[in-house]
Amino acid sequence: MAQTIAPAVSPVPLPDPAMAELLQSVVDTARAIFGAEASSILLLETTADELVFEAVSGQGQEFLVGRRFPAGRGIAGWVAASGEPMVVDDLHDSTSFDRDVAESTGYVPNALMAAPLLHGDRVLGVLEVLDPSPQARSSLTELDLLSLFARQAAVALHVLTTHAPRRPSAPAPDGADDPSRAELLRLLSQARRLLEE
């Protein structure tokens with residue numbers, strides 16, 4: 001399926017605790033769903049043409065957040081450019097795998113699944129699961145599940161980055177009146193249901 005992908009607007013920096021919580025929840029849940037050693041979200045920063053680690057669960061979570069690499073490199077770069085998901089069972093034989101980038105992160109996986117964070121025709125970034133369980137990477141159904149989960153994360157990310165923050169003069173006690181928070185909670189609830197299936 002050929003798809004034209006429009007470049008994404010550079011994401012807003014992440015001082016927002018709701019966004020940090022969303023992204024961390026996504027990688028933690030993806031890691032659990034797929035029985036992976038690690039999971040990460042890399043956001044596309046178009047002005048610098050770079051992918052930036054914004055959330056990591058498992059291997060590398062202590063030091064990878066904030067690391068950058070050129071958007072055109074590796075499997076994450078291919079997924080961001082094409083807008084298509086990818087699964088590679090043996091990275092040793094993959095010509096798309098950029099071993100130098102992996103070695104620079106301190107963790108070189110043997111297998112990888114990646115899906116674009118798509119909102120409409122825009123790629124916002126990439127969701128990766130590294131060394132998922134063999135059962136998780138053995139069928140197209142699992143790749144479809146990762147793609148669906150990545151699309152939900154992209155919708156929540158879009159909502160959080162496009163809604164203006166509430167004015168401090170009229171805060172809701174629990175954030176219930178904030179549409180971005182409501183959308184975030186709805187998507188997190190859907191993620192929990194996916195995990196329980």
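Predicted model: local features only at pLDDT ≥ 70, side-chain atom pairs only at ≥ 80, totals over all residues.
**Entry 1: Leu117**

I started with Leu117 and skipped its neighbours within four places in sequence; that left contacts with Ile41, Leu43, Arg122, Val123, Leu124, Gly125, Val126, Leu127, Ala150, Ala153 and Ala154. Contact here means heavy atoms within 4.5 Å. Residues are numbered from 1 along each chain as its sequence is written, and side-chain values use heavy atoms, with hydrogens and water left out.

**Entry 2: the cores**

Which residues touch the most other members of the largest nonpolar core? I found Leu23, Ile41, Leu117, Leu127 and Leu146, out of 29 residues in that core. The elements that give two or more residues to this core are α1 (17-33), β1, β5, β6 and α4. α4 gives the most, with nine residues. A second, separate core has 26 residues, including Leu64, Val79, Ala80 and Val101.

Terms I had to look up: a nonpolar core is a set of buried Ala, Val, Leu, Ile, Met, Phe, Trp, Tyr and Cys residues joined through side-chain atoms within 4.5 Å. Buried is under 20% relative accessible area, exposed is over 50%, and partly exposed is in between (1.4 Å probe, protein chains only). Helices (H or I, at least four residues) and strands (E, at least two) are DSSP runs, numbered from the N terminus.

**Entry 3: helix α4**

I checked α4 next, residues 140-162, so 23 residues in the helix. From first C-alpha to last, α4 reaches 33 Å, close to the 33 Å expected at 1.5 Å a residue; the expected span is 1.5 Å times one less than the number of residues. Among the buried residues of α4 I noted Leu146, Phe149, Ala150, Gln152, Ala153, Ala154 and His158.

**Entry 4: β5 and its partners**

Back to the strands: β5 is mostly covered, with seven of its eight residues buried. β5 pairs with β4 in the antiparallel sense over three bridges, and Leu112 in β5 is the bridge partner of Val88. β5 also pairs with β6, again antiparallel, over eight bridges. There, Val123 in β6 is the bridge partner of Leu118. Strands count as paired if DSSP finds at least two bridges between them. The β5 and β6 hairpin has two residues between the strands, and Gly120 takes a positive phi near 65°.

**Entry 5: helix α2**

Why is α2 largely enclosed by the rest of the structure? Because seven of the nine residues of α2 (residues 74-82) are buried. I listed them: Gly74, Ile75, Ala76, Gly77, Val79, Ala80 and Ser82. They pack against β1 (38-45), β2 (50-58), β3 (68-70), β4 (86-88), β5 (112-119) and β6 (122-130). Just after α2, I saw that Gly83 takes a positive phi of about 75°.

Is Ser40 buried or exposed? Ser40, which lies in strand β1, is buried, with a relative accessible area of 3%. Beyond its neighbours within four places in sequence, Ser40 is in contact with residues including Val27, Phe53, Val56 and Leu127.

Gly58 lies in strand β2 and is buried too, with a relative accessible area of 12%. Leaving aside neighbours within four places in sequence, I got contacts from Gly58 to Arg31, Glu37 and Ala38. Gly58 and Ser39 are 19 residues apart in sequence and 6.7 Å apart in space, C-alpha to C-alpha.
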